[in-house]
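Hi,

Here is the structure I promised to pass on. Have a look at it first, and then read my notes below.

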Amino acid sequence: MMSHKTEIKTKLNNRAFLLKALDNMGFTYQEGENLHTQSRYGVREKVDILITGNNKHTYSDNPIGFKKEADGTYSATGDFYGLTDANGKSVSAKSLGINATCMSKEAEVNQRLGNLRFQMDKNSRKQEGSKLSFTMQRWVP
Amino acid sequence: MPYQKVTVVIDGATGSLSIEGDGFKGSECNVLDQVEQSLGIITKTEAKSEKFQYVLPDLLPNQVG
């Protein structure tokens with residue numbers, strides 16, 4: 001039996017925005033005290049957020065999740081072998097970490113600039129590599 | 001009514017966030033705090049004529065007629 005465990009540390013430390021990012025990426029998940037990843041290849045690890053997936057076939061064993069580190073940040077961890085996202089695109093620890101970081105920060109920017117009455121110009125939103133950019137605009141009375 | 005626009009760039013690999021536009025430019029970890037302080041929160045405004053925005057003085061007896 002071969003292990004495919006991969007782990008990537010992110011700078012995310014806000015659980016609410018991380019969960020919002022997972023929602024936006026189309027993942028379902030569980031939160032709890034006693035959750036463990038469990039892959040076909042024997043990887044088992046305690047996590048704080050267990051991704052239960054968007055595809056019953058590939059995520060049936062709950063192979064990946066996020067665990068909270070001692071410094072308060074979250075790491076994506078688990079066995080990513082053969083996993084795909086809601087659009088059928090391959091998911092790796094790195095891509096999950098990058099997308100979760102982008103979408104988590106995006107959710108935070110939307111909320112905080114939204115409080116200043118800024119609205120996102122959805123046509124301006126584009127992602128190139130690891131970088132996500134968009135514009136926010138408002139009219140000041 | 002002035003229009004304001006800012007461009008937001010997030011690097012998912014490094015976790016960095018930069019915001020630029022309308023006289024503001026920032027890329028430090030507290031950039032959102034800086035934006036809030038720089039651009040500010042718009043408080044409620046009322047669209048009513050200027051003459052109704054002030055308390056009118058009481059009329060003196062000889063003005064009543």
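Let's start with the pockets. In the largest one, the biggest share of the lining comes from α3(A), which gives six residues. Keep in mind that this is a predicted model.

That largest pocket has a volume of about 440 Å³. It is lined by 18 residues, and A:Met25, A:Asp85, A:Lys89, A:Asn99 and A:Gln127 are the ones closest to its centre. Which elements give two or more residues to this lining? They are α3 (93-114) and β6 (119-128), both of chain A. If you sort the lining residues by class, you get eight nonpolar, seven polar and three charged.

Next comes the second largest pocket, with a volume of about 340 Å³. Here 20 residues form the lining, and the closest to the centre are A:Lys105, A:Glu108, B:Gly15, B:Leu17 and B:Cys29. Two or more residues each come from α3 of chain A, and also from β2 (16-21) and α1 (31-39) of chain B. Once again α3(A) turns up with the largest share, this time five residues. The classes here are seven nonpolar, seven polar and six charged.

Now for the aromatic rings. How many aromatic pairs does a search of the whole structure find? There is one over all chains. The partners are A:Trp139 and B:Tyr3, and their ring centres are 4.9 Å apart. The planes make an angle of 50°, and the pair is classed as tilted. Why does this pair join two chains? Because A:Trp139 sits in strand β7 (residues 131-139) of chain A, while B:Tyr3 sits in strand β1 (residues 3-11) of chain B.

Are these two partners buried or exposed? A:Trp139 has a relative accessible area of 52%, and the cut-off for exposed is over 50%, so A:Trp139 is exposed. B:Tyr3 has a relative accessibility of 37%, so B:Tyr3 counts as partly exposed.

Finally, a few words on chain B as a whole. You'll find two helices and three strands in chain B, and along the sequence they follow the pattern β-β-β-α-α. Chain B has 65 residues, of which 28% count as buried. Take the contacts in chain B between residues at least 6 apart in sequence: 5% of them join residues at least 24 apart. The accessible surface of chain B is about 5000 Å², and carbon and sulfur atoms account for 53% of that surface.

Happy browsing!

Key
Residues are numbered from 1 along each chain as its sequence is written. Chains are lettered from A and ligands numbered from 1 in the order in which they are written. This is a predicted model: local features need pLDDT of at least 70, side-chain atom pairs count only at pLDDT 80 or more; totals for chains, interfaces and linings use all residues. Side-chain values use heavy atoms; hydrogens and water are left out. On a 1 Å grid over the protein atoms alone, a cavity is a set of points where a 1.4 Å probe fits but cannot get out, and a pocket is an open set with protein on both sides within 12 Å along at least five of seven lines; lining residues have an atom within 4 Å of a point. Grid points are joined across faces, edges and corners, and a volume is the space filled by probe spheres set on the points. Helices (H or I, at least four residues) and strands (E, at least two) are DSSP runs, numbered from the N terminus. Ala, Val, Leu, Ile, Met, Phe, Trp, Tyr, Cys and Pro count as nonpolar, Asp, Glu, Lys and Arg as charged, and the others, Gly among them, as polar. Rings of Phe, Tyr and Trp (its six-membered ring) pair if their centres lie within 6.5 Å; planes under 30 degrees apart count as stacked, over 60 as edge-to-face and the rest as tilted. Buried means under 20% relative accessible area, exposed over 50%, partly exposed in between (1.4 Å probe, protein chains only). Contact means heavy atoms within 4.5 Å. Accessible areas come from the Shrake-Rupley method with a 1.4 Å probe; for residues, only the protein chains shown count as cover.
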